Each structure stands twice: as C-alpha cells, then as structure tokens.
Amino acid sequence: MKAQKLTLISVLFLILFNFPMLSIFNNGDSINGIPTLYMYVFFVWILFIVLVFNIIRKESKENPRDE
Amino acid sequence: MNSVILVIASVLYLAFLFGVAYWAEKQSEKGKSLVTNPYIYALSLAVYCTAWTFYGSVGRAVTNGVEFLAVFIGPTIMMPMWWIVLRKIIRICKVQRITSIADFISSRYGKSATLGVLVTVVCIAGILPYIAIQLKAISSSFLIVARSSDEYKGNDLFWKDLPFYIAVALSVFTIIFGTRKIDSTERHEGMVTAIAAESIIKLVAFLTTGVFVTYIVFDGFGDIFQKASLVPDLRKAFVFNNDGDFSSWFWHIFLSMAAVMFLPRQFQVAVVENVNEKHLNKAMWLFPLYMLLINIFVIPTALAGELLFANQSVNPDSYVLAIPLKFNQKILTLLTYIGGFSAATSMIIVETIALSVMISNNLVMPIVLKSKKLQETFKGSLSNLVNNIRRTSIVMIILLAYLYYKTIAEHYSLVSIGMVSFTAVAQFTPAIIGGIFWKTGNRKGALTGLMVGSLIWFYTLVLPSLVGAGYFPQSIVDNGLWGIEILKPFSLFGLKGMDNISHGLFWSLLFNLGCYLYFSLTRKASSIEHNQAVIFVDIFEYSGQIENSSIWRGTAYVPDIQLLLSNFFGERRSEKVLRLFAQKNKINLNSDKADPRLVTYTEKLLAGVVGTASARIMISSISKEEKISTEEVISILKSSQELLSANKSLRKKSFELEKATSELKDANEILQRTDKLKDDFLTTVAHEIRTPLTSIRALSEIVFDNPDMEIEEREHFLGTVVKESDRLSRLINQVLDLEKYESGKQKLNIEEVDIQEIIKDSVNTLYQQAKEKSIKIVFMPDRFAPRFEADKDKLIQVVVNLLSNAIKFCQPEIGEITIATHYVEGCIYTSIQDNGVGIDKKFQRLIFDKFFQAEDQTVKKPRGSGLGLAISKKIIELHNGQIWLESMVGRGSKFTFMISVV
C-alpha cells in the first residue's frame, strides 16, 4: 500500500512538474512581482514535501514496525 | 581579503573535518554510533549538492533561467520511488555484500569481471572531470576572494598551485577515513558524519548569503524581480522561451533521476553506507526539503548579480562570492567561501572513496588474481595489497582530476561538465533497473548496451569538449567525423533542436536500452547469470534464505579455504570467523571436503573485501565447481524458505499449546483446592454438629431410660440438652450466615453509627461473662472519631465475637482486656487486646480461616464454632475495611479492624 501511494506521488509530480502543466504558468505574469512560473514550481515543490511527509507519518503510525 | 587568512581558514576547515570524522569513529567504537540516526543519513545524501550547486546554479540561472532547477526536481520526483527501487538495491547489496555500483552490475550479470571493468572505466571517465571542476571551483573561489585584496600579487607560484595542495590534503583525509578497514562492507562512519556536517555548513552558508543579497542589498524577492523585469534581457529568464526549453527541462529531470542513484558517490552514501532501510522514510521528504532550501535564493542572487555587475566582466558562476565582496562583507565572504569549499570537498572525498573501491575490486584485483605469477608475489599479503591499491588509486584519481582541471576544465563552466558526468552514469540505468525487475536481462545485453551507450556518450559529449580544448580538429564538430554530415556530434543522425546534453542522453540511452533488450531476448544466459537474476529480482522473497542456503555445488577443501581467508583477514580472525559459522550451522570443519555452505559463505566474505567478481575468481581457483541449474537454485531457496516458515508455525503452535496447558493446570489446581476446602468444610461442619448432637442424644436417652431419676439431676441433664441445642442452632445459623457472605447474598443495613456506641453495646452484652471470670475490661475511646455509615448490628457482631474470644482465652482473675479506638487520616482503628495465651506466629494468618481451630485441636481446645473470625473478616471486608492480628505466645493477642470513613 505504502509503495503504491509513493509511486502515485512520483507519477503525479512528474506530470505537475512538466509540460504541459508548466505551460499554463509560463505566461510572463507575476504575483507580487514574482514570476508565476517560479511561484508555481516552488509551490508544487512544497506541496510535494508536505504530501510525502504526511504519507510517511500515516504509514508509520499504521505499521509502527516500519519506522 | 588577505590570501593568508583564506589559506588558514581552509586548513582550519579541513582540520575541523578531520576532527568530526575522528570523533564519530571514536563514538562508534564506544557503541554510540552516529550513523544510526536517519537525519545523518538524509544529510549525507546532500553530497549531491556540490560546488556546481553552490556556484554553478547561479551561473546557469543567469543564462537559462529556471532550467537549472531540473537537476533538483528530478531527484525530488524520484525520492518516493526509492522505497521501491533503492530499498531493493540496498537489500541486495547487504545480502550479497556488494560495495560499489560496478560490483552491483557485475554481480547481477553472472559475477562478470568484464562488466565490472567496463563500469569502472565509464565511472572514471565520467567522474574525473566532475572531480576536476570541484578543484576548479575551489581554486577560482580562492582567486576571486584573494584578488580583491591589494596584497595579492597573482604570480606567486604557491597561490597558483593552491588546488594542488588542497588536492593533497583531501587525498590524506580520504585515505585515513576511507581505507581504514579492509572489508568495505564495514561502514565509513567518520567519513559519513563529516559529510553530513559539510551538508549543514554549505546550506547555512548559502542561505546566509541569499538572505544578505535578497533582504539587505535588495528589498526582498519582489524588489529584485521588479527591478530585473525592467531589463529586457533578464525578463527572458522568467519563462521558458520555446518548446525546446520544455524538452530540455524534461530530459534534465529524467537524467538527474538516474544520477541521484547511480553517481558513485550517491550509491556510496545511499546504499553502501546505509545502516537501516527505514532511514529512507525520513530521507524521502528531508532530502527534497534540503534541495528546496538550497535553491530558494539562487534566482534572486543571479538576478542581483546581473543588476549589480551589468556591463562588468564578472563570471556569473562567482556571483555568490562577488556580491558580499562588493559590499565589503568580510565575514560573510569567508563564510561563503567555506560553504563552497565544503560543497566541493565533500563531493571529492566520497567520489574518490567510491572510485577507489571500484578500481581495486573490479580493475586491479581480477588481474592480480588471474595471474599465477602475481599471486605468488603477493602471497600472504593480499589484504595489504588491496588497501595499498585503494590508497594509490585515491591519490591517482585526485592527481588525474587535478591534471584534467589544468588542461581542459578551465575552458568549461561548472554545470556543463557536471551534466556530462550525469549522462555517463545514466548509462547504468537499463542494466540496473532491468537487472532488479527483469529476470531475462542478461550479461550480453548489459555488456553491449553499456558499451554502445558509453561510446555514443563519449562521441556526443566528451569528444566536443576535447575539440574545444584543442586536442582534436574543430572540423569534427562542424562537419562530422570524416566529413560525414549525419555524424556531427551535436546533431547525430540529423537530430537538431535539442541541447547537447538532452541530445547525447537521448541517443546514448536509446541505443543502450535497445541493445540491452535485444541481446537479452535473443541470447541465452548462462546458469550462473540465471541464478543471480533470480536472487536479485526476488530478493525480498529470499533475503532471509540466501544467508543460510548454499547455491553452489562442487568440491573444495577446508584447508584451502582457511588459507584463502587468512590471506585477507589474518590467521586468527579468519579462524574465528570460520569456527563461528561452522558452529552456527553445525558443520564439521575437521572433514577434509568443505561443506557447500562454507564455500558460499567464504565467497561472500571475500566479496566484501575484493568485490564479487574477484571473490568468484578466487573461489574457482581453489575448487572444482559443478553447474547448478536455476530450477535447482529456486528449489533450494524455496525449500529452505518452506522449512523456515514451517518451523516458525510449528514453534508458534507449540507455544500456544504450552500456554493452554499451563492455564488448564492452574485452573485444575484451583478447582482441586476449592474441592478440598469444601470437603474439609463439610467434614468439620459434620463433626461440629455431631458433638452436640451426640451429647443431646446421650442425655435424652439417660432421661428416657430412667423415669425415676432425681428431679434435680433430670433438670441438670435437660438444661444441658437445651444448651447443646442452642449451640447446635447457633452453629447452623453461622454456617448459613457464612454461606450468605461467601455467595455475596448478604446485604448490609447501612445507617449512621458511632463506634463508641457499638463498643458500649457489645461490652454490655458480654459484661456478665467477664464479671463471672473476674476479667477487667478497659475502654479507651478516641473522642474525635466521627460518626460514619455502617451496619450497626453487623459491627456489634464483630466486636462481640472478638471480645468473647478475648474473654475465652484470658485467665480468670488476672485477665485484662483493653478496647481502644483511634481516628487517623480518615480511618477508624478499633483494637481489642487481651493478655491471654496468645497465638503462635504460624497460625496468625490462618486464624481467619473457617474452622481453623478445628484443624488444630491438639494445640488448643475448641471453644467455639470456629466460624466467628471468618464471619467477622467477611463483615469487615464488606465494609471495605481490614482486620488483622498481632500476637505473641504467652503475652496475649491484639485484634484490630480498620474501617475507612471517607
């Protein structure tokens, strides 16, 4: 189960981090002066860390022997 | 800044590294190993971030915008997959005692020495330039800082050759902490801890500079971006400008996904130095977090550099240093310099250790072991030989890197050379990933794939760099080899529109994978390849069994094995190791022919020292091996697995059975005891009833048989009959009472009572009896005792019982009974003390049992039913209180009962 969840995360973020998802934010606009493309990449990156952290925490709670 | 300060700082920093490593090894000797900590593991993975990250990313961001992030996003995306891919590799390496990536590939494909050599060569060719650019980074960062000072002359030979001295110092460090133990499966704890420390230093240094640039020089992220957006050239860096950018982005992500596992230094820290597979859990989010943090300020720093140094010839690779220098921030400059220095040194140290193991185990040892002459020369000192080869290769690698730096690397930026190295190790992907998931993959496929792939890599990426340095004619790049258009290195087979790296990666990997698949599917694998394939692919099924079962058949002799091992481990240690193994597996070492398990074990031990391929050569040199088919291997593994699980379930069952038996036994014992108690009780009750009954009957008969008996005598007899009947009915009442208490049917009639009143009432009942025996009764009440809730009649019953016992056991005339109450901490203690015969210590606890005195008739004459104390105890327990006895024979007894009033 853990392996499946983690694989899913990898596939999902491979998509989020690539064309064509990136092209949506590749418009030269900016939010508070910061280009949307940079904002998007770093936001997705943080999201990734939080998600993986949560999966690991949950799984290790359910299977304490894995920790 | 004064260059002397820089040198001192560098030397101090190296000394600090030595200190950390030394301290960590000492801790581990004390049993407080630091590498068992998952945070150290995650931090050591950050050896991925080299001087390229530290200096090069900023340079790359200036020219290609966000593209530099791809090499950090690739590993990020890969991290969750480590649970599937890398955990498997770690397990395989542990079971098979594999210590390098060359060993891994060679072992998977039938322990092929050729493959080991090929992988090692690719690694050296790919990684040497990468080490060289670290030296370059150290040297140029040094020059940038030193040049800013007036004292710097620039032509002093010593300063010019600084990288050389650094290289020497690093070799010493690597030799000391990298080759201390001959068995390379034993971990380099000092080295790993030092690397983790370096990871912290480079992160702190980069973040500090980033904060300085962004928030002190400029007014935050928004400010930098706004100012940059006014410059048209810089605006370009905000977005991907054409579709080619997206394609490069993808290929770079893909490339770094492979590199983060297969770079020799990554393989070293992530696999070989891994202590616990569960450390991956923390690393999976911690390592991406580290990469995120170290990259946050890259783009602001790049833009800031461009804004500050517009139209000046400052190399973007050095902005990280140049900005603090420009604002004359001496401490910050020094910190940044040390940060970059640590990024470069950590990479050099780990990479050289990994390469040196490969060179000794996969390049040199197989040659030495295959040659009879060389073997004779080094007989008895093979372990020294291995260590010396490693030491020599460490020095050689660092020196070669230095030479490369001097001759070629000067022409290229940090990132471009790093990417070429990434592409080299990416060639291992088909062989490794195929090797752990696909049993059909074979040696032929891996060998041709790797060979073709690395040739294309060389042609498309390395050759042009050699051309750039002037070693080959420029026409090769411009017109293709021999003037053939489609052989142009940067647009092979006419493929255009990709950047060089993506282009080289695409072609090399495509041919690599194609050859791997084609030859794997068309050529037959040898039996040993099959066997290794099964072990690698199904490692999680068999990892417990491989250790204990032998997948080897043939003839070998114990003395040969002993000799072979003592060559590497010394006589004493090898003998100990063999004896332990023999004991554990019940093998007879005295028999001439060696047990197959012993041979397998020896091979594994040797593999930890010299690699699987060399170990195999040595084993086959002392034994005559027979072929063993894959089916047999599987059946051997399966049967030992079945045996193991059958054993386990049997053990579990027998344990359960044992538990049930002992429970049953306990229950039975309790039953038997209660049964005996009941029997005793019945016997005693019957006996107690019979005594008065007998006397009643006897007396009645006398009266019946003698109608003319004296009236006085008759009255006396009848009086006794009445008394005995009373006794009988009292006894029966008590038995019924007790039964009520024991079955829990007895209910208390709770009201508010006063303990003094209870005692007075009880004394009144027995006053006559006491007076008859002239026994003095003293009452010492505690006037502070409060009223409390209890059943008055039942408590009177208890006191009367205790009092009447006291009267019974007191001598007439001299007897004295003291009744006292005490109120202490919410409890009322009532004691009744006499100066009678007392009770022997061994009976003091039994006295509250039913009919206790009945069992003890020889000691004391029965003077009562024997149920009084048992009933008293029940009553007090019903009030949640306690009753106990203190007594000494000849001095009297003191019964006390305590009832809580709260």
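Let's start at a turn in this predicted model: strands E8(B) and E9(B) form a hairpin, with 3 residues between them. In that turn sits Gly890(B), whose phi is positive, at about 90°.

Now step back to chain B as a whole. Its 902 residues include 37 helices and 9 strands, and 46% of the residues count as buried. Among contacts in chain B with a separation of 6 or more, 81% link residues 24 or more positions apart.

One helix worth a visit is H16 (residues 298-308) of chain B, which is mostly covered, with 9 of its 11 residues buried. The buried stretch includes Val298(B), Pro300(B), Leu303(B) and Glu306(B).

Finally, turn to where the two chains meet. Chain B brings 27 residues to the contact and chain A brings 31 residues. On the side of chain B that touches chain A, the elements giving two or more residues are helices H4 (70-78), H11 (221-229), H13 (243-262) and H15 (279-295). H15(B) supplies the largest share, 6 residues. By class, this side of chain B has 22 nonpolar, 4 polar and 1 charged residues.

Technical notes
Residues numbered from 1 in each chain as written. Chains lettered and ligands numbered in written order. Predicted model: local features only at pLDDT ≥ 70, side-chain atom pairs only at ≥ 80, totals over all residues. Contact = placed C-beta atoms within 7 Å. Helix = DSSP H or I, 4+ residues; strand = E, 2+ residues; numbered from the N terminus. Nonpolar A, V, L, I, M, F, W, Y, C, P; charged D, E, K, R; others polar. Buried ≥ 20, exposed ≤ 12 C-beta atoms within 10 Å, placed from the backbone. Pairing = 2+ DSSP bridges.
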